[in-house]
Amino acid sequence: MATELTGGLSPMQAFAVVGAAGVGAQWLAWRFRLPAIVLMLAAGLFLGPVTGIFVPARDIGDIIPPMIALAVAVILFEGGLTLSFKKLADARPAVRRLVYIGAPLGWVLSSLTLVFVAGLGWESAIVFGGIMIVTGPTVIAPLLRQAKLTSRPAQTLQWEGIVNDPIGALVAVVALEIVLVRNTGVTWGEALAQLMLGIGFAVVIGVVAGYLLVQAFRRGWVPEYMKVPLLFVAVLGVFAGSDSLLHESGLLAVTVMGLVIANADLPSYHELHRFKEHATILLVSGVFILLAAGIEFDTLAQLDWLRAGLFVAAVVLVARPLTIMTSLIGSNLPMKERWLIALTGPRGVVLVAVSGIFAERLVAEGIDDGALIAPLAFVLVLVTVVLHGFTLAPIARRLGLTSGEKPGLLVVGGSVFATSLAKALEKADVNVLITDTNRDHLRTARAAGIQTFYGDILGEAAEHNVEFIAYGAILAASDNDAYNTLVATDLAPEFGRENIWQLARHKEDRARHALPTQLGGQTIDGNRTLAQYLDLLAEGWIFRTTRLTEEYRLDDWREAREGAIPLAVVQGGQMWFVGSDEDLVDKPDIRIVSMLPPEIAERIERENEAQAKPQQKAKQVARAEAEAVKRGKGNGSVEGGAATEQAEELQEELKDDPELIETEGDASDGKTPREDAPQRDPDAGLTDEEAEAPSDEKKNQKP
């Protein structure tokens with residue numbers, strides 16, 4: 001029983017509590033890798049019905065409905081801003097089937113489940129059934145990253161959630177319009193005319209508002225610093241204006257406006273996209289805390305828990321699998337991937353937020369069972385998030401659709417340094433992918449059996465061919481300092497700045513060439529450039545992977561490898577680069593990837609003469625690449641293939657002895673585990689003949 005706080009909170013205190021609880025729950029979820037929605041639900045229930053610290057109706061009062069309505073408007077606008085028709089057209093056939101067939105079929109099956117299992121009337125069922133199309137894109141992404149699914153099912157699930165997010169909201173809005181018009185008591189003809197008028201009115205307002213914003217942004221009528229504030233005000237204005245002229249048309253209008261802006265190909269789209277992400281996190285947190293805190297145990301007691309349990313079971317075991325398996329008939333997905341997608345359908349915050357406002361609207365129109373929508377939504381979200389959070393990874397492993405437990409590193413820039421680092425990290429069971437926009441730069445990596453991707457890592461081709469979810473960190477190490485900075489800055493929001501690393505730039509230590517801290521990535525201890533690392537390799541430095549044991553600790557390694565440069569540390573399923581001595585961990589089974597000086601390298605080479613010849617060739621390639629990078633001075637002007645002949649010779653020698661990595665303390669069995677690589681090599685199907693033939697000038701160029 002709730003112990004209600006005497007007098008309650010002031011509105012200012014209430015807003016502070018909501019903000020702290022919502023954002024705090026999301027941070028804790030990120031910190032401990034838990035579903036954010038579960039923690040937000042627990043926080044809301046604790047503040048509201050359990051303790052009575054925050055009771056929305058008491059502490060905020062009449063402003064709750066308009067607050068939630070405006071927040072949902074921004075959330076739906078965010079959904080529309082996410083849906084690009086171009087990306088939908090380029091999406092895999094399976095995704096298009098899940099949208100064109102799965103969305104309407106899911107609406108029908110969900111509505112039938114609500115009527116015949118949950119016991120709702122058809123008015124509430126078709127509205128709630130429309131919202132249930134949304135599978136929770138904000139919930140799916142963390143689950144996929146945690147489960148480490150292989151590329152195809154992961155991308156299919158993620159794209160389904162992104163695309164169906166606005167579609168589900170749009171269907172729910174249309175369904176609500178149908179119910180509201182029908183309840184006015186007019187004839188079917190009049191009801192249809194009124195419905196078409198309402199939809200048409202909202203569409204026109206949304207299109208006009210979106211078009212005007214696009215033209216204002218494109219023609220420079222709005223300064224850059226005012227674009228985000230203007231966009232936010234426009235969303236509120238369109239929603240309020242449309243809704244005041246025709247009830248419930250505002251939600252549809254802002255969704256359409258988002259669609260128009262998303263498909264206008266604006267240069268400032270990324271800034272707008274980040275705005276909607278930040279705004280959505282705040283609003284979703286606030287709305288969810290408000291709704292959870294406002295739940296009363298008396299309302300939950302109204303549920304027939306047997307029916308509610310059967311409803312959730314029917315959705316998870318019947319409606320969702322039937323929708324997916326029917327939609328994917330005739331697709332090229334293997335059956336095990338279809339089953340994984342069919343058994344994965346977590347619902348998220350958008351479902352709870354939108355259902356809450358629609359439930360209130362239905363109750364206001366005299367549809368009593370609309371009051372059951374909110375508690376049913378809570379139960380459905382809670383069960384599906386917890387269920388899939390604990391079962392997705394085991395099911396995927398059972399079906400053989402996981403990337404394994406290996407940490408992953410994506411290296412941008414092909415060079416002998418990148419290849420040698422990748423080989424050393426593979427000894428520590430790290431999955432490495434090397435990418436470069438110049439295919440000649442990838443010759444050495446391909447010769448060593450490293451996975452490669454030829455193309456721009458920021459391009460659309462990479463979205464469809466690179467399994468980003470398998471890589472937890474990025475190292476920007478190309479011969480173009482500006483490109484390295486661009487990659488690190490652009491991918492930081494997605495991967496987290498703590499997981500983005502970059503080799504030092506030329507002249508970075510000079511004040512006039514220094515960049516702000518928000519640009520680029522973290523630098524490795526020593527702050528060396530690519531040319532400096534290549535110089536070390538040319539002088540005879542080598543990469544080695546060492547595993548610490550109970551008998552062989554960090555101090556022993558430092559004593560035996562005096563002068564070594566530690567670069568990375570691998571522990572279990574995690575990998576990080578060494579930014580300072582504090583990053584070196586003295587624990588058994590820790591693996592240290594380092595560069596060893598020539599005197600130690602020579603001693604190892606004498607002990608292992610079979611490796612001497614390829615190592616000498618690697619020195620020549622590194623020396624040629626270092627000179628090429630120095631000529632380009634980090635601006636990307638180095639012509640590809642500068643060391644092609646040496647790389648080809650090295651490739652032939654590596655065929656006889658591909659292992660250049662020495663280990664300590666039983667760190668490896670000496671075999672590179674290529675058979676269980678977490679993704680296919682994006683360039684595996686390409687041959688040298690498929691690349692552009694080098695020009696005569698390049699053929700005759702001497703390194």
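Asp-440 is partly exposed, with a relative accessible area of 22%. Buried here means under 20% relative accessible area, exposed means over 50%, and partly exposed lies in between (1.4 Å probe, protein chains only). Asp-440 forms a salt bridge with Arg-443. The closest N and O atoms of this pair are 3.3 Å apart. A salt bridge is a side-chain nitrogen of Lys or Arg within 4 Å of a carboxyl oxygen of Asp or Glu. Arg-443 is buried, at a relative accessible area of 19%.

The structure is a predicted model, in which local features need pLDDT of at least 70, side-chain atom pairs count only at pLDDT 80 or more, and totals for chains, interfaces and linings use all residues. Residues are numbered from 1 along each chain as its sequence is written, and side-chain values use heavy atoms, with hydrogens and water left out.

A search of the whole structure finds 7 salt bridges. One of them joins the side chains of Glu-160 and Arg-320, at 2.8 Å from N to O. Glu-365 forms a salt bridge with Arg-361, and their closest N and O atoms are 2.8 Å apart. Glu-365 is partly exposed, with a relative accessible area of 32%. Salt bridges also link Glu-550, Arg-553 and Asp-586 in a network. Side chains of opposite charge can pair when their charged atoms come close.

The protein chain has 29 helices and 10 strands. Helices (H or I, at least four residues) and strands (E, at least two) are DSSP runs, numbered from the N terminus. Of the 703 residues in the chain, 54% are buried. The accessible surface comes to about 30700 Å². Carbon and sulfur atoms account for 58% of that surface. Accessible areas come from the Shrake-Rupley method with a 1.4 Å probe; for residues, only the protein chains shown count as cover. Contact means heavy atoms within 4.5 Å. Among contacts between residues at least 6 apart in sequence, 76% join residues at least 24 apart.

Strand S2 (residues 431-436) is mostly covered, with 6 of its 6 residues buried. Both of its faces are covered. Asn-431, Leu-433 and Thr-435 are buried on one side, and Val-432, Ile-434 and Asp-436 are buried on the other. Strand S1 (residues 408-412) runs parallel to S2, and 5 bridges join the two. Two strands pair if DSSP finds at least two bridges between them. Gly-408 has Asn-431 in S2 as its bridge partner. From S1 the chain crosses through helix H20 (residues 416-427) to S2, in a right-handed β-α-β crossover. Right-handed means that, with the strands pointing away from the viewer, the path from the first strand over the helix to the second runs clockwise. S2 also pairs with strand S3 (residues 451-454), in the parallel sense over 4 bridges. Here Ile-434 stands opposite Thr-452 in S3.

Strand S7 (residues 565-571) has antiparallel partners. S7 is mostly covered, and 6 of its 7 residues are buried. S7 pairs with strand S9 (residues 591-596) in the antiparallel sense over 5 bridges. Pro-566 has Ser-594 in S9 as its bridge partner. Strand S8 (residues 574-577) is joined to S7 by 4 bridges, and these two strands run antiparallel. Ala-568 stands opposite Phe-577 in S8. S7 and S8 form a hairpin with 2 residues between them. In the turn, Gly-572 has a positive phi of about 60°.

Helix H2 (residues 36-50) has 15 residues, which should span 21 Å at 1.5 Å a residue. The expected span is 1.5 Å times one less than the number of residues. The end C-alpha atoms of H2 are 20 Å apart, which agrees. Buried residues in H2 include Ile-37, Met-40, Leu-41 and Leu-47. Just after H2, Gly-52 takes a positive phi of about 75°.

Arg-97 is placed in helix H6 (residues 93-100). At 26% relative accessibility, Arg-97 counts as partly exposed. Leaving aside residues up to four places away in sequence, Arg-97 touches Gly-102, Ser-327, Leu-328, Ile-329, Gly-330 and Ser-331. Arg-97 and Gly-330 are 233 residues apart along the chain, and their C-alpha atoms are separated by 10.0 Å.
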